[in-house]
Amino acid sequence: MKKYVCTVCGYIAEGSIPEQCPVCKAPASAFVEKTGNTADEVLSAANALAAAKVDAVFTPTDNTIMNSAAAVGEIFAEAGIPHYAGADSFVRNGAFATCGVNYTDLGTQTADLALEVLQTGEFPEYVTVSGDIITVNTDTAATLGLDYSLFQDMGSQVVEVQTTQD
Ligand SMILES: [Zn+2]
């Protein structure tokens, strides 16, 4: 199903463009198509959002988007749009920033938990995982001309990475 995003408030309409945005009352002309089921559609949606000069973009952790991550990151960086992503791998491919977990620590925690369950036979009622590590791509920040120093107060740690192609 086709999806359209309101470039004023970010509301997402499915199927067709509404006469006006139900959230911010922006006109139909404020909506751009953003369906992304294939790599071509992802790039087309990214270009449409860039052309609409949206304030910022968030892409979730998604294999279709991951396959186009480098190209998508470049489109938004060149358009001066901060691109926030669902995982640090996207940031290493050119997105601006993400907030999440350290997957190495998460794996260690999971292994420790599995060992504890095997040794004691008891399952913990719940487990918490810290998810406040902010990863910033300093190359993208420079392209955007953005100062990300305020992230220091928002997470437990700010990890600086550069763009890699892997
Ligand atoms: Zn709106």
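I looked up the sheet: three strands form an open sheet in the order 2-1-3, with antiparallel pairing. Strands here are DSSP E runs of at least two residues, helices are H or I runs of at least four, and both are numbered from the N terminus. Two strands pair if DSSP finds at least two bridges between them. I noted strand 2 (12-14) and strand 3 (31-33) as the edge strands, since each pairs on one side only. Strand 1 (residues 3-6) and strand 3 share three antiparallel bridges, and Val5 has Val32 as its bridge partner in strand 3.

I noted that the model is predicted: local features need pLDDT of at least 70 and side-chain atom pairs count only at pLDDT 80 or more, while totals for chains, interfaces and linings use all residues. Residues are numbered from 1 along each chain as its sequence is written.

Next I checked helix 3 (residues 69-78). Its buried residues are Ala69, Val72, Gly73, Ile75, Phe76 and Ala77. Buried means 20 or more other C-beta atoms within 10 Å of the residue's own, with C-beta atoms placed from the backbone. Gly80, with a positive phi near 75°, follows helix 3.

Then I turned to the cores. A nonpolar core is a set of buried Ala, Val, Leu, Ile, Met, Phe, Trp, Tyr and Cys residues joined through C-beta atoms within 7 Å. The largest has 21 residues, of which Ala46, Leu49, Val72, Phe76 and Val91 touch the most other members. Helix 1, helix 3, helix 4 and strand 7 (133-137) each supply at least two residues of this core. Another core, of five residues, lies apart from it and includes Tyr4, Val5, Cys21 and Phe31.

Technical notes. Buried ≥ 20, exposed ≤ 12 C-beta atoms within 10 Å, placed from the backbone.
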